[in-house]
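The following exercises concern the contact between two parts of a protein chain.

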Amino acid sequence: MDSRRIFFQKLAGPFIAIPLLSRKELPLFNDKNKVVYQGPVLRVAIMGLGSYGTRVAEAMQSCTKAKLVGIISGTPSKITAWQSKYNIPEKNCYNYENFDAIKDNPDIDAVYIITPNALHKNQAIRVAKAGKHVISEKPMALNAHEGQEMIDACKKANVKLLVGYRMHFEAKTLEVIRMRQAGELGKIVFFQGLCGFKIGDPTQWRLNKQLAGGGSIMDIGIYAINGARYMVGEDPVWVTAQETKTDTIKFKEGVDETIQFQFGFPSGAIASCLSSYGMNGLDRFYLNGNKGFAELLPSTGYGPIKGKTNKGELTQAHVTHQTVQMEEFSAIILEGKKPIVPVDGEEALKDLKIIDAIYASVKNNKKVNLYL
Ligand code: NAD
(Lines give C-alpha, C1' and ligand atoms only; values in the text may rest on other atoms or scores of the structure.)
Protein backbone atom coordinates (compact mmCIF):
# COMPACT_ATOMS: atom_id res chain seq x y z
CA MET A 1 0.00 0.00 0.00
CA ASP A 2 1.61 3.27 -1.01
CA SER A 3 1.51 6.15 1.42
CA ARG A 4 -0.39 8.37 -1.06
CA ARG A 5 -3.28 5.92 -1.10
CA ILE A 6 -3.30 5.66 2.71
CA PHE A 7 -3.40 9.46 2.77
CA PHE A 8 -6.42 9.59 0.43
CA GLN A 9 -8.09 6.77 2.33
CA LYS A 10 -7.83 8.78 5.54
CA LEU A 11 -8.83 12.00 3.84
CA ALA A 12 -11.94 10.62 2.20
CA GLY A 13 -13.25 8.53 5.11
CA PRO A 14 -14.58 5.00 4.94
CA PHE A 15 -17.66 5.55 2.75
CA ILE A 16 -15.90 7.07 -0.21
CA ALA A 17 -12.51 5.46 0.13
CA ILE A 18 -13.38 1.77 0.08
CA PRO A 19 -14.64 1.67 -3.50
CA LEU A 20 -11.35 3.21 -4.61
CA LEU A 21 -9.45 0.15 -3.40
CA SER A 22 -8.90 -3.08 -5.23
CA ARG A 23 -10.12 -6.31 -3.56
CA LYS A 24 -6.55 -7.26 -2.72
CA GLU A 25 -6.04 -4.07 -0.75
CA LEU A 26 -9.25 -4.23 1.28
CA PRO A 27 -7.92 -6.34 4.17
CA LEU A 28 -5.35 -3.64 4.94
CA PHE A 29 -8.05 -1.53 6.58
CA ASN A 30 -10.42 -2.22 9.41
CA ASP A 31 -13.86 -0.66 9.86
CA LYS A 32 -12.32 2.28 11.74
CA ASN A 33 -10.34 3.04 8.61
CA LYS A 34 -7.00 2.15 10.22
CA VAL A 35 -4.25 0.17 8.52
CA VAL A 36 -4.50 -3.46 9.68
CA TYR A 37 -1.38 -5.32 10.87
CA GLN A 38 -0.37 -7.95 8.34
CA GLY A 39 2.83 -9.37 9.88
CA PRO A 40 3.39 -12.66 11.70
CA VAL A 41 1.14 -13.53 14.63
CA LEU A 42 2.21 -15.70 17.58
CA ARG A 43 -0.56 -18.22 18.26
CA VAL A 44 -0.54 -18.90 21.99
CA ALA A 45 -2.16 -21.50 24.25
CA ILE A 46 -2.45 -20.58 27.92
CA MET A 47 -1.85 -23.33 30.46
CA GLY A 48 -3.45 -22.60 33.84
CA LEU A 49 -6.62 -20.52 33.71
CA GLY A 50 -6.24 -18.95 37.15
CA SER A 51 -6.05 -15.34 38.17
CA TYR A 52 -2.94 -14.32 36.23
CA GLY A 53 -3.86 -16.48 33.22
CA THR A 54 -7.16 -14.61 33.09
CA ARG A 55 -5.34 -11.26 33.19
CA VAL A 56 -3.02 -12.29 30.35
CA ALA A 57 -5.94 -13.52 28.23
CA GLU A 58 -7.80 -10.22 28.71
CA ALA A 59 -4.69 -8.22 27.82
CA MET A 60 -4.05 -10.32 24.72
CA GLN A 61 -7.34 -9.14 23.26
CA SER A 62 -5.57 -5.85 22.51
CA CYS A 63 -2.58 -7.53 20.84
CA THR A 64 -2.02 -7.48 17.11
CA LYS A 65 1.08 -9.69 17.00
CA ALA A 66 -0.11 -12.37 19.45
CA LYS A 67 -3.39 -14.23 19.66
CA LEU A 68 -4.90 -16.56 22.25
CA VAL A 69 -5.85 -19.66 20.26
CA GLY A 70 -5.71 -22.51 22.78
CA ILE A 71 -6.12 -23.47 26.43
CA ILE A 72 -4.88 -26.17 28.80
CA SER A 73 -6.84 -26.64 32.01
CA GLY A 74 -7.90 -29.34 34.46
CA THR A 75 -11.32 -27.76 34.94
CA PRO A 76 -13.87 -28.59 32.18
CA SER A 77 -16.18 -25.70 33.18
CA LYS A 78 -13.36 -23.18 32.69
CA ILE A 79 -12.60 -24.67 29.27
CA THR A 80 -16.21 -24.19 28.18
CA ALA A 81 -16.35 -20.63 29.49
CA TRP A 82 -13.04 -19.63 27.86
CA GLN A 83 -14.01 -21.32 24.59
CA SER A 84 -17.08 -19.16 24.23
CA LYS A 85 -15.44 -15.98 25.54
CA TYR A 86 -12.34 -16.20 23.32
CA ASN A 87 -13.76 -18.22 20.43
CA ILE A 88 -11.38 -21.14 20.96
CA PRO A 89 -12.05 -24.24 18.86
CA GLU A 90 -12.48 -27.63 20.57
CA LYS A 91 -9.38 -29.01 18.82
CA ASN A 92 -7.20 -26.41 20.65
CA CYS A 93 -8.40 -27.41 24.15
CA TYR A 94 -6.33 -29.73 26.31
CA ASN A 95 -6.04 -30.91 29.90
CA TYR A 96 -2.93 -31.62 31.98
CA GLU A 97 -2.95 -35.31 31.00
CA ASN A 98 -3.26 -35.00 27.23
CA PHE A 99 -1.48 -31.77 26.33
CA ASP A 100 1.55 -33.61 24.87
CA ALA A 101 -0.73 -34.11 21.85
CA ILE A 102 -0.24 -30.42 21.12
CA LYS A 103 2.72 -31.61 19.05
CA ASP A 104 0.23 -32.64 16.34
CA ASN A 105 -1.52 -29.28 16.37
CA PRO A 106 -0.11 -27.00 13.66
CA ASP A 107 -2.27 -24.07 14.82
CA ILE A 108 -0.42 -23.44 18.11
CA ASP A 109 3.06 -21.91 18.19
CA ALA A 110 3.70 -21.39 21.90
CA VAL A 111 2.37 -22.41 25.30
CA TYR A 112 2.31 -19.87 28.13
CA ILE A 113 2.62 -21.72 31.47
CA ILE A 114 0.77 -19.82 34.22
CA THR A 115 0.48 -22.51 36.90
CA PRO A 116 1.92 -22.74 40.44
CA ASN A 117 5.73 -22.47 40.46
CA ALA A 118 6.47 -26.12 41.20
CA LEU A 119 4.72 -27.24 38.02
CA HIS A 120 6.62 -25.00 35.59
CA LYS A 121 9.62 -27.28 35.06
CA ASN A 122 7.87 -30.49 34.04
CA GLN A 123 5.23 -28.66 32.05
CA ALA A 124 7.89 -26.68 30.19
CA ILE A 125 9.84 -29.81 29.36
CA ARG A 126 6.67 -31.48 28.01
CA VAL A 127 5.83 -28.41 25.92
CA ALA A 128 9.38 -28.30 24.54
CA LYS A 129 9.19 -32.01 23.67
CA ALA A 130 5.97 -31.25 21.81
CA GLY A 131 8.00 -28.84 19.68
CA LYS A 132 6.26 -25.65 20.86
CA HIS A 133 7.91 -22.48 22.17
CA VAL A 134 7.76 -22.17 25.95
CA ILE A 135 6.71 -19.07 27.84
CA SER A 136 6.90 -19.59 31.61
CA GLU A 137 5.72 -17.39 34.38
CA LYS A 138 8.15 -16.25 37.05
CA PRO A 139 9.82 -17.76 38.96
CA MET A 140 10.83 -19.92 36.01
CA ALA A 141 11.40 -22.87 38.36
CA LEU A 142 12.02 -23.68 42.02
CA ASN A 143 15.82 -23.51 41.84
CA ALA A 144 18.75 -23.12 39.45
CA HIS A 145 19.08 -26.86 38.86
CA GLU A 146 15.50 -27.07 37.60
CA GLY A 147 15.96 -23.90 35.57
CA GLN A 148 18.97 -25.41 33.82
CA GLU A 149 16.93 -28.53 32.98
CA MET A 150 14.32 -26.33 31.31
CA ILE A 151 16.95 -24.46 29.31
CA ASP A 152 18.54 -27.74 28.19
CA ALA A 153 15.17 -29.22 27.15
CA CYS A 154 14.27 -26.15 25.09
CA LYS A 155 17.70 -26.09 23.43
CA LYS A 156 17.42 -29.77 22.60
CA ALA A 157 13.96 -29.28 21.09
CA ASN A 158 15.11 -26.13 19.27
CA VAL A 159 12.32 -24.01 20.76
CA LYS A 160 12.55 -20.65 22.50
CA LEU A 161 12.17 -20.28 26.27
CA LEU A 162 10.89 -16.90 27.51
CA VAL A 163 9.86 -15.83 31.00
CA GLY A 164 7.06 -13.41 31.90
CA TYR A 165 9.25 -10.51 32.99
CA ARG A 166 6.64 -7.90 32.08
CA MET A 167 8.59 -5.00 33.62
CA HIS A 168 11.28 -5.42 30.96
CA PHE A 169 8.94 -3.72 28.50
CA GLU A 170 7.46 -1.05 30.79
CA ALA A 171 8.08 2.44 29.43
CA LYS A 172 9.14 4.32 32.59
CA THR A 173 11.39 1.45 33.62
CA LEU A 174 12.99 1.51 30.17
CA GLU A 175 13.49 5.28 30.42
CA VAL A 176 15.42 4.88 33.68
CA ILE A 177 17.50 2.16 32.04
CA ARG A 178 18.15 4.47 29.07
CA MET A 179 19.22 7.31 31.38
CA ARG A 180 21.54 5.03 33.30
CA GLN A 181 23.05 3.63 30.09
CA ALA A 182 23.52 7.15 28.71
CA GLY A 183 25.44 8.12 31.86
CA GLU A 184 22.81 10.66 32.89
CA LEU A 185 22.76 9.33 36.46
CA GLY A 186 26.56 9.15 36.63
CA LYS A 187 28.28 6.23 38.31
CA ILE A 188 25.67 4.02 39.94
CA VAL A 189 26.38 3.51 43.62
CA PHE A 190 23.18 2.25 45.27
CA PHE A 191 19.85 0.52 44.57
CA GLN A 192 16.98 -0.08 46.94
CA GLY A 193 14.14 -2.49 46.05
CA LEU A 194 11.14 -2.89 48.36
CA CYS A 195 8.63 -5.53 47.28
CA GLY A 196 5.87 -6.87 49.46
CA PHE A 197 2.24 -7.24 50.38
CA LYS A 198 0.28 -8.80 53.21
CA ILE A 199 -0.77 -12.22 51.96
CA GLY A 200 -4.29 -13.46 52.78
CA ASP A 201 -5.75 -16.97 52.64
CA PRO A 202 -3.35 -19.29 54.52
CA THR A 203 -4.47 -22.30 52.44
CA GLN A 204 -3.37 -20.88 49.06
CA TRP A 205 -0.61 -22.58 47.07
CA ARG A 206 1.71 -19.56 47.51
CA LEU A 207 2.09 -20.60 51.18
CA ASN A 208 2.62 -24.26 50.37
CA LYS A 209 6.34 -25.07 50.06
CA GLN A 210 5.68 -28.02 47.73
CA LEU A 211 3.87 -25.84 45.17
CA ALA A 212 5.55 -22.46 45.71
CA GLY A 213 9.11 -23.60 46.38
CA GLY A 214 9.44 -21.09 49.21
CA GLY A 215 7.66 -17.95 50.29
CA SER A 216 7.75 -14.25 49.47
CA ILE A 217 11.12 -14.37 47.72
CA MET A 218 9.80 -16.79 45.06
CA ASP A 219 6.76 -14.66 44.35
CA ILE A 220 7.38 -10.98 45.05
CA GLY A 221 11.02 -10.70 46.15
CA ILE A 222 12.07 -11.88 42.71
CA TYR A 223 11.01 -8.43 41.40
CA ALA A 224 13.63 -6.77 43.61
CA ILE A 225 16.25 -9.37 42.60
CA ASN A 226 15.58 -8.95 38.90
CA GLY A 227 15.03 -5.20 39.29
CA ALA A 228 18.35 -4.69 41.05
CA ARG A 229 20.02 -6.26 38.03
CA TYR A 230 18.26 -4.22 35.35
CA MET A 231 18.35 -0.97 37.29
CA VAL A 232 22.05 -1.18 38.26
CA GLY A 233 22.91 -2.80 34.92
CA GLU A 234 25.19 -5.43 36.45
CA ASP A 235 24.91 -8.87 37.97
CA PRO A 236 25.73 -9.11 41.68
CA VAL A 237 28.88 -10.91 42.85
CA TRP A 238 27.80 -11.49 46.44
CA VAL A 239 24.65 -11.62 48.52
CA THR A 240 23.85 -11.56 52.23
CA ALA A 241 20.34 -12.25 53.53
CA GLN A 242 18.42 -12.30 56.80
CA GLU A 243 14.96 -13.72 57.49
CA THR A 244 12.31 -12.41 59.89
CA LYS A 245 9.24 -14.49 60.73
CA THR A 246 6.43 -13.10 62.87
CA ASP A 247 3.81 -15.79 62.13
CA THR A 248 5.09 -19.36 62.26
CA ILE A 249 1.62 -20.84 61.72
CA LYS A 250 0.93 -19.07 58.45
CA PHE A 251 4.56 -19.23 57.29
CA LYS A 252 5.64 -22.80 57.85
CA GLU A 253 9.15 -24.25 57.61
CA GLY A 254 10.62 -23.34 54.22
CA VAL A 255 8.04 -20.61 53.52
CA ASP A 256 9.65 -17.23 54.11
CA GLU A 257 7.57 -14.31 55.35
CA THR A 258 10.15 -11.50 55.16
CA ILE A 259 13.72 -11.56 53.88
CA GLN A 260 16.10 -8.62 53.71
CA PHE A 261 18.99 -9.06 51.32
CA GLN A 262 21.97 -7.10 50.13
CA PHE A 263 24.00 -7.32 46.93
CA GLY A 264 27.46 -6.23 45.94
CA PHE A 265 28.16 -5.53 42.25
CA PRO A 266 31.47 -5.67 40.34
CA SER A 267 31.58 -1.86 40.03
CA GLY A 268 31.36 -1.44 43.79
CA ALA A 269 27.66 -0.49 43.74
CA ILE A 270 25.55 -2.04 46.48
CA ALA A 271 21.86 -2.89 46.86
CA SER A 272 19.56 -3.26 49.82
CA CYS A 273 16.26 -5.07 49.26
CA LEU A 274 13.23 -6.27 51.15
CA SER A 275 10.84 -9.06 50.20
CA SER A 276 7.75 -9.57 52.33
CA TYR A 277 4.41 -11.34 52.61
CA GLY A 278 3.80 -9.57 55.89
CA MET A 279 3.88 -5.85 55.02
CA ASN A 280 1.46 -3.96 52.87
CA GLY A 281 2.17 -1.64 49.95
CA LEU A 282 5.87 -2.23 49.49
CA ASP A 283 6.57 -1.39 45.85
CA ARG A 284 9.48 0.99 45.45
CA PHE A 285 12.71 1.09 43.45
CA TYR A 286 15.32 3.74 44.10
CA LEU A 287 18.50 4.05 42.05
CA ASN A 288 21.27 6.39 43.11
CA GLY A 289 24.15 7.57 40.96
CA ASN A 290 26.77 10.24 41.60
CA LYS A 291 25.04 12.59 39.13
CA GLY A 292 21.38 11.81 39.74
CA PHE A 293 18.70 9.44 40.94
CA ALA A 294 15.59 7.60 39.76
CA GLU A 295 12.64 6.53 41.84
CA LEU A 296 9.81 4.24 40.68
CA LEU A 297 6.87 4.24 43.09
CA PRO A 298 5.00 2.01 42.45
CA SER A 299 7.70 0.11 40.62
CA THR A 300 6.44 -3.34 39.65
CA GLY A 301 2.64 -3.48 40.17
CA TYR A 302 0.30 -3.67 37.21
CA GLY A 303 0.48 0.07 36.91
CA PRO A 304 0.39 2.77 36.01
CA ILE A 305 3.98 2.84 37.22
CA LYS A 306 4.94 6.28 38.52
CA GLY A 307 8.39 7.70 38.76
CA LYS A 308 10.71 10.63 38.90
CA THR A 309 14.37 11.35 38.44
CA ASN A 310 16.56 14.28 39.35
CA LYS A 311 15.37 15.76 36.01
CA GLY A 312 11.69 15.59 36.94
CA GLU A 313 8.65 13.38 36.65
CA LEU A 314 8.61 10.43 34.22
CA THR A 315 5.76 10.93 31.77
CA GLN A 316 5.87 7.87 29.49
CA ALA A 317 2.37 6.54 28.80
CA HIS A 318 0.97 3.51 30.58
CA VAL A 319 0.11 0.53 28.41
CA THR A 320 -1.23 -2.73 29.91
CA HIS A 321 1.96 -4.62 30.76
CA GLN A 322 0.73 -8.01 29.59
CA THR A 323 -0.34 -6.61 26.21
CA VAL A 324 3.08 -5.08 25.54
CA GLN A 325 4.83 -8.18 26.82
CA MET A 326 2.93 -10.47 24.46
CA GLU A 327 3.50 -8.15 21.48
CA GLU A 328 7.22 -8.15 22.26
CA PHE A 329 7.34 -11.92 22.88
CA SER A 330 5.83 -12.40 19.44
CA ALA A 331 8.52 -10.19 17.89
CA ILE A 332 11.26 -12.03 19.82
CA ILE A 333 10.01 -15.49 18.84
CA LEU A 334 8.85 -14.88 15.29
CA GLU A 335 11.07 -12.02 14.13
CA GLY A 336 14.22 -12.59 16.20
CA LYS A 337 13.90 -9.20 17.94
CA LYS A 338 16.40 -8.60 20.74
CA PRO A 339 14.81 -7.02 23.84
CA ILE A 340 16.60 -4.22 25.72
CA VAL A 341 16.58 -6.36 28.88
CA PRO A 342 16.70 -10.12 28.19
CA VAL A 343 13.65 -12.29 28.96
CA ASP A 344 15.08 -15.69 28.11
CA GLY A 345 15.80 -18.76 30.21
CA GLU A 346 19.39 -17.67 30.88
CA GLU A 347 18.13 -14.40 32.34
CA ALA A 348 15.69 -16.26 34.60
CA LEU A 349 18.40 -18.75 35.60
CA LYS A 350 20.44 -15.88 37.07
CA ASP A 351 17.51 -14.96 39.32
CA LEU A 352 17.14 -18.60 40.39
CA LYS A 353 20.86 -18.79 41.24
CA ILE A 354 20.43 -15.66 43.35
CA ILE A 355 17.36 -17.12 45.09
CA ASP A 356 19.33 -20.29 45.89
CA ALA A 357 22.09 -18.10 47.32
CA ILE A 358 19.65 -15.99 49.36
CA TYR A 359 18.19 -19.11 50.99
CA ALA A 360 21.73 -20.45 51.58
CA SER A 361 22.79 -17.15 53.16
CA VAL A 362 19.75 -17.15 55.46
CA LYS A 363 20.41 -20.76 56.46
CA ASN A 364 24.13 -20.39 57.12
CA ASN A 365 24.11 -16.74 58.18
CA LYS A 366 26.95 -16.11 55.73
CA LYS A 367 27.82 -14.00 52.72
CA VAL A 368 27.49 -16.07 49.54
CA ASN A 369 29.56 -15.33 46.44
CA LEU A 370 27.72 -15.38 43.14
CA TYR A 371 29.11 -16.47 39.78
CA LEU A 372 26.48 -15.46 37.23
P1 NAD B 1 -3.75 -19.01 40.57
O2 NAD B 1 -3.85 -19.88 41.76
O3 NAD B 1 -4.73 -17.90 40.43
O4 NAD B 1 -3.85 -19.88 39.24
C5 NAD B 1 -3.13 -21.08 39.09
C6 NAD B 1 -3.81 -21.96 38.08
O7 NAD B 1 -3.10 -23.20 38.00
C8 NAD B 1 -5.26 -22.30 38.47
O9 NAD B 1 -6.08 -22.19 37.34
C10 NAD B 1 -5.17 -23.74 38.94
O11 NAD B 1 -6.38 -24.45 38.70
C12 NAD B 1 -4.05 -24.27 38.07
N13 NAD B 1 -3.41 -25.46 38.61
C14 NAD B 1 -3.01 -26.50 37.85
N15 NAD B 1 -2.50 -27.47 38.61
C16 NAD B 1 -2.57 -27.04 39.87
C17 NAD B 1 -2.17 -27.60 41.13
N18 NAD B 1 -1.60 -28.81 41.21
N19 NAD B 1 -2.39 -26.88 42.23
C20 NAD B 1 -2.94 -25.64 42.17
N21 NAD B 1 -3.32 -25.07 41.02
C22 NAD B 1 -3.13 -25.75 39.88
O23 NAD B 1 -2.26 -18.45 40.54
P24 NAD B 1 -1.74 -17.22 39.69
O25 NAD B 1 -1.74 -16.01 40.53
O26 NAD B 1 -2.41 -17.17 38.38
O27 NAD B 1 -0.18 -17.61 39.49
C28 NAD B 1 0.23 -18.57 38.54
C29 NAD B 1 1.69 -18.27 38.13
O30 NAD B 1 1.76 -16.97 37.60
C31 NAD B 1 2.69 -18.30 39.28
O32 NAD B 1 3.90 -18.85 38.86
C33 NAD B 1 2.89 -16.84 39.65
O34 NAD B 1 4.15 -16.55 40.21
C35 NAD B 1 2.73 -16.19 38.28
N36 NAD B 1 2.25 -14.81 38.36
C37 NAD B 1 2.91 -13.85 37.70
C38 NAD B 1 2.49 -12.54 37.75
C39 NAD B 1 3.22 -11.47 36.97
O40 NAD B 1 2.90 -10.30 37.15
N41 NAD B 1 4.13 -11.84 36.10
C42 NAD B 1 1.38 -12.20 38.50
C43 NAD B 1 0.69 -13.21 39.17
C44 NAD B 1 1.14 -14.52 39.10
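**Exercise 1.** How much area do domain 1 and domain 2 bury between them, and what percentage of it lies on carbon and sulfur atoms?

*Solution.* The model is a predicted one.
Step 1: the domain assignment places domain 1 at 41-163, and domain 2 comprises 167-321 + 345-369.
Step 2: over C-alpha atoms, the centres of domain 1 and domain 2 are 26 Å apart. To the contact, domain 1 contributes 20 residues and domain 2 contributes 18 residues.
Step 3: the area buried between domain 1 and domain 2 is about 1,600 Å², with 67% of it on carbon and sulfur atoms.

**Exercise 2.** Determine how many salt bridges the rule finds across the interface of domain 1 and domain 2, and examine the pair lysine 138 and aspartate 219.

Step 1: the criterion requires a side-chain nitrogen of Lys or Arg within 4 Å of a carboxyl oxygen of Asp or Glu. Lysine 138 and aspartate 219 form a salt bridge through their side chains, at 3.4 Å from N to O.
Step 2: residue pairs in polar contact between domain 1 and domain 2 number 7, both residues being at pLDDT 80 or more.

**Exercise 3.** Describe the side of domain 1 that touches domain 2 by its elements and its residue classes.

*Solution.* Step 1: at least two residues each come from helix H3 (51-60), helix H6 (144-157) and strand E6 (161-163).
Step 1: H6 provides the largest share, 5 residues.
Step 2: by class, this side of domain 1 has 13 nonpolar, 4 polar and 3 charged residues.

Conventions:
Residues are numbered from 1 along each chain as its sequence is written. This is a predicted model: local features need pLDDT of at least 70, side-chain atom pairs count only at pLDDT 80 or more; totals for chains, interfaces and linings use all residues. Side-chain values use heavy atoms; hydrogens and water are left out. Domain bounds come from an automatic or database domain assignment. Contact means heavy atoms within 4.5 Å. Buried area is the accessible area (1.4 Å probe) that two parts lose on being put together, summed over both. A polar contact is a pair of N or O atoms within 3.5 Å; within protein, one must be able to donate a hydrogen and the other to accept it, and residues adjacent in sequence count only if both atoms are side-chain atoms. Helices (H or I, at least four residues) and strands (E, at least two) are DSSP runs, numbered from the N terminus. Ala, Val, Leu, Ile, Met, Phe, Trp, Tyr, Cys and Pro count as nonpolar, Asp, Glu, Lys and Arg as charged, and the others, Gly among them, as polar.
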